[in-house]
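Take it with the structure open beside you.

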Protein chains: 2
Amino acid sequence: MGDVFKALADPTRRAILDELQERNGQTLFELCTRLISQHGSTSSRQAVSQHLGVLEDAGLVRTRREGRYKFHDLDTTPLRTITDRWQLPTG
Amino acid sequence: MGDVFKALADPTRRAILDELQERNGQTLFELCTRLISQHGSTSSRQAVSQHLGVLEDAGLVRTRREGRYKFHDLDTTPLRTITDRWQLPTG
DNA sequence: TTGTCAGGCAAGTGCTCACTTGCCTATGGT
DNA sequence: ACCATAGGCAAGTGAGCACTTGCCTGACAA
């Protein structure tokens with residue numbers, strides 16, 4: 001599993017996580033259009049696709065294929081590595 | 001306040017936070033020697049100094065000056081922006 | 001089969017970032 | 001005064017990363 005911290009370092013990837021939290025299980029094209037219309041993003045399809053690859057490597061996004069569609073689901077469990085590491089006062 | 005996510009993206013900066021958690025209020029030179037001896041780091045003084053600047057901008061490290069010494073203290077409150085953003089199941 | 005749609009792969013480009021290098025300021029000891 | 005210590009500033013370098021460009025694969029509809 002790749003680097004969770006590095007995956008979170010990019011604002012576009014954080015916007016993707018925001019989007020998936022609002023509406024889980026989106027395809028690449030859904031994400032592209034909604035990122036532009038709701039998050040003011042200017043990223044191309046290829047750019048978003050590469051970001052999704054990074055997020056998937058980090059374990060923050062899980063994917064499932066159905067026919068020619070690929071759905072993306074948010075998984076926040078890797079974020080625990082951050083909070084567990086520096087012992088947040090329980091919030 | 002700078003980017004907390006970007007500050008966490010670098011492994012050396014995460015080691016610095018680890019080191020400050022073990023022993024708070026260290027000076028730059030203390031951190032340098034302990035990073036090498038206890039974390040296998042190879043970073044120079046200037047490198048660590050720049051990392052501390054990034055961490056301070058992100059609000060993860062607070063500093064206080066006394067004479068020619070500058071002490072560094074860990075502050076984990078900015079990490080809440082991460083957990084609050086994607087609603088972790090309370091752990 | 002032909003055409004379209006969803007997505008993937010890979011090389012190239014430009015910018016950011018970590019780190020070095022070299023010099024400078026300031027505090028404290030003798 | 002002198003020197004060592006603790007730290008800072010700024011330009012330059014090299015590697016990594018986000019993004020583009022162009023082409024390719026696979027699934028569905030007609």
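In this predicted model, R68(B) reaches a base of DNA strand D: an N or O atom in the R68(B) side chain is 3.2 Å from a base oxygen. R68(B) also has a base contact on DNA strand C, where a side-chain N or O atom is 3.3 Å from a base oxygen. The points below take each strand in turn, then the helix pairs.

**DNA strand D: polar contacts**
- K70(B) places a polar side-chain atom 2.7 Å from a phosphate oxygen of DNA strand D.
- L28(B) uses its backbone: a polar backbone atom is 3.4 Å from a phosphate oxygen of DNA strand D.

**DNA strand D: surroundings**
- DNA strand D is surrounded by 21 residues. The closest are R13(A), S44(A), H51(A), F29(B) and K70(B).
- Of the atoms of DNA strand D that come within 4 Å of the protein, 62% are accounted for by sugar and phosphate.
- Both chains supply this surface. Chain A gives at least two residues from each of α2 (11-22) and α4 (45-57).
- The most comes from α4(A), with four residues.
- By class, the surface near DNA strand D has nine polar, eight charged and four nonpolar residues.

- K6(B) has a side-chain N or O atom 3.0 Å from a phosphate oxygen of DNA strand C.
- F29(A) contributes a backbone N or O atom, which lies 3.1 Å from a phosphate oxygen of DNA strand C.
- Two or more residues of the surface near DNA strand C come from each of α3 (28-39), α4 and β2 (69-74) of chain A, and from each of α2 (11-22) and α4 of chain B.

- Sugar or phosphate makes up 69% of the atoms of DNA strand C within 4 Å of the protein; bases make up the rest.
- α4(B) gives the most to this surface, with four residues.
- The surface near DNA strand C divides into eight polar, eight charged and four nonpolar residues.

**Helix packing in chain B**
- Helix α3 (residues 28-39) and helix α4 (residues 45-57) of chain B pack at about 115 degrees, with axes 10 Å apart.
- Angles of 65 to 115 degrees count as roughly perpendicular, so α3(B) and α4(B) are roughly perpendicular to each other.
- Their crossing is right-handed.
- On the α3(B) side, the contact has L28(B), F29(B), L31(B), C32(B) and L35(B). These meet R45(B), V48(B), S49(B) and L52(B) of α4(B).
- The contact of α3(B) with α4(B) has seven nonpolar residues, one polar and one charged.

**Helix packing in chain A**
- The axes of α3(A) and α4(A) cross at roughly 115 degrees and come within 10 Å.
- That angle makes α3(A) roughly perpendicular to α4(A).
- The crossing of α3(A) and α4(A) is right-handed.
- L28(A), F29(A), L31(A), C32(A) and L35(A) make the contact from α3(A). R45(A), V48(A), S49(A) and L52(A) make it from α4(A).
- Seven nonpolar residues, one polar and one charged form the contact of α3(A) with α4(A).

How values were computed. Residues are numbered from 1 along each chain as its sequence is written. Chains are lettered from A and ligands numbered from 1 in the order in which they are written. This is a predicted model: local features need pLDDT of at least 70, side-chain atom pairs count only at pLDDT 80 or more; totals for chains, interfaces and linings use all residues. Side-chain values use heavy atoms; hydrogens and water are left out. Axes are lines fitted to C-alpha atoms, for helices over the stretch in contact, and angles run from 0 to 180 degrees between N-to-C directions. Angles under 35 degrees count as roughly parallel, over 145 as roughly antiparallel, 65 to 115 as roughly perpendicular and the rest as oblique. A crossing is left-handed if the near helix is turned anticlockwise from the far one by less than a right angle, and right-handed if clockwise. Contact means heavy atoms within 4.5 Å. Ala, Val, Leu, Ile, Met, Phe, Trp, Tyr, Cys and Pro count as nonpolar, Asp, Glu, Lys and Arg as charged, and the others, Gly among them, as polar. A residue is near a molecule or strand if one of its heavy atoms lies within 4 Å of it. A polar contact is a pair of N or O atoms within 3.5 Å; within protein, one must be able to donate a hydrogen and the other to accept it, and residues adjacent in sequence count only if both atoms are side-chain atoms.
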